[in-house]
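The exercises that follow concern charged pairs and nonpolar cores. Please work through each task with the sequence and the structure at hand before reading its solution.

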Amino acid sequence: MSRESKYVIIGGGIAGVSAAEAIHAQDPEGKIVLISKEEESPYSRMALTRFMAGEVKREKLPLHQQDWYAEDNVDLILGAVVEGIDRENRNVRLADGRSFAYDKLVLASGASPFIPPFPGKDLQGVMALRTLADAEYVLDCCCEPIQVVVIGGGLLGLEMAGAISRTGAKVTIIETFDWLLPRQLDPPGGNLLQARIEAMGMSVITGGKTKGMLADENGKVRAVQMEDGTELPADLVLVSTGVRPNLELAKAAGLETNKGLVVDDRMATSDPHIFAAGDLTEHKGVLYGLWQPAKTQGDVAGTNAAGGQAAFEGVPPSAMLKVLGIDLFSIGQIAANDAADKVMAKEVDGNYSSYTLRDGKLIGAILFGEAGLSGKVKKAMDAERAFSAEESASLESLEAALRA
């Protein structure tokens, strides 16, 4: 068996591509095989909603142009399904019969959308949005005015709703929590966001419990039924209720898994020849499922796979809202966990700010409507800056210290 494929990467998302970049930087002569199950050259999944909204052209989605792969010794294998990993012989088998040997393997196979077991979830017109093909299908559906229900008021759900509403579709958002973006906003911030979204012409239902989907005589979705009996007409239902790590390969190969594929600070798995990065990984009990941590983990995994030294130290989860034209920045812990945490918040003219401190250090913040301090907040948190008693006495004095 040929040993020319020194590095094999499974997954063409940002984690896999970042790993390839890091490997080439560390080992310019090393041969890299990057395997993706999608037919498209690796693209920015984070930009899909902006593509749907018409803000990003399709040709701007690829992470690299085609010539980059040849220049960086990357053999890009598209439309390929990995059947299994032979750890003893260090070999990756594809479903079409091809195989690739490796000295080091990077697993970056990501995650898949989770659709709760609603009755009617398999009806035509009920789907999640994860790929470029999904986005193009939704845009095709919206060529004429339709009614769309988005189940899930998280970041992706809201960005999808905002993008689709620009096509002229009538959009209704259902969130099971009592406010939008429950992971990024507290109730006051969530209520302000809901008011902004409703002012754009979309409908929002919070505290909404979905019972299931109803079909028309042709087996296509016609409505979403709520637990209280309400029926929401729907030509298309988009479900955005989280993702689940793609652990099938890792489990079949006997790697240590928990909620995700367990990795250490070097992004190494329980097999010293296999590293991992991105949405399938669990680092110190945390599954991030976010673009920036996936990119950073890919950098670390690729560097270490090629013999370098790098560590992933974790990052405070942060998020910014795109597409809707609303400035929103949220990072870290947004509510008090105990008496040691101090939360200061204010609302002025529809803008909302909230800061969480512990022992004089920022551990979280929400900036809604005016996020100009987001960079300084992140810098202060990264540096674990200690604010004086005077600086942290009030929200206004804290913001003045951040601006200084």
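A salt bridge is here a side-chain nitrogen of Lys or Arg within 4 Å of a carboxyl oxygen of Asp or Glu. The model is a predicted one, in which local features need pLDDT of at least 70 and side-chain atom pairs count only at pLDDT 80 or more, while totals for chains, interfaces and linings use all residues. Residues are numbered from 1 along each chain as its sequence is written, and side-chain values use heavy atoms, with hydrogens and water left out.

**Exercise 1.** Determine how many salt bridges the rule gives, and state which residues are linked with Arg58 in a network.

Solution. Arg58 belongs to a network of salt bridges together with Glu40 and Glu136.

**Exercise 2.** Describe the salt bridge between Arg358 and Asp341, giving its distance and the elements in which the two residues lie.

Solution. First, the N to O distance between the two side chains, Arg358 and Asp341, is 2.6 Å. Next, with helices (H or I, at least four residues) and strands (E, at least two) taken as DSSP runs numbered from the N terminus, Arg358 is placed in strand E24 (residues 351-358) and Asp341 in strand E23 (residues 341-348), so the pair ties together parts that are 17 residues apart in sequence. Finally, accessibility is classed as buried under 20% relative accessible area, exposed over 50% and partly exposed in between (1.4 Å probe, protein chains only); Asp341 is buried at 8%, whereas Arg358 is partly exposed at 28%.

**Exercise 3.** Characterise the largest nonpolar core, and identify a second one.

Solution. A nonpolar core is a set of buried Ala, Val, Leu, Ile, Met, Phe, Trp, Tyr and Cys residues joined through side-chain atoms within 4.5 Å. The largest has 51 residues, and among those with the most contacts inside it are Val8, Ile10, Ile35 and Val92. Helix H1 (residues 14-26) supplies the largest share of this core, 6 residues. A separate second core comprises 45 residues, including Val150, Ile173, Leu185 and Leu238.
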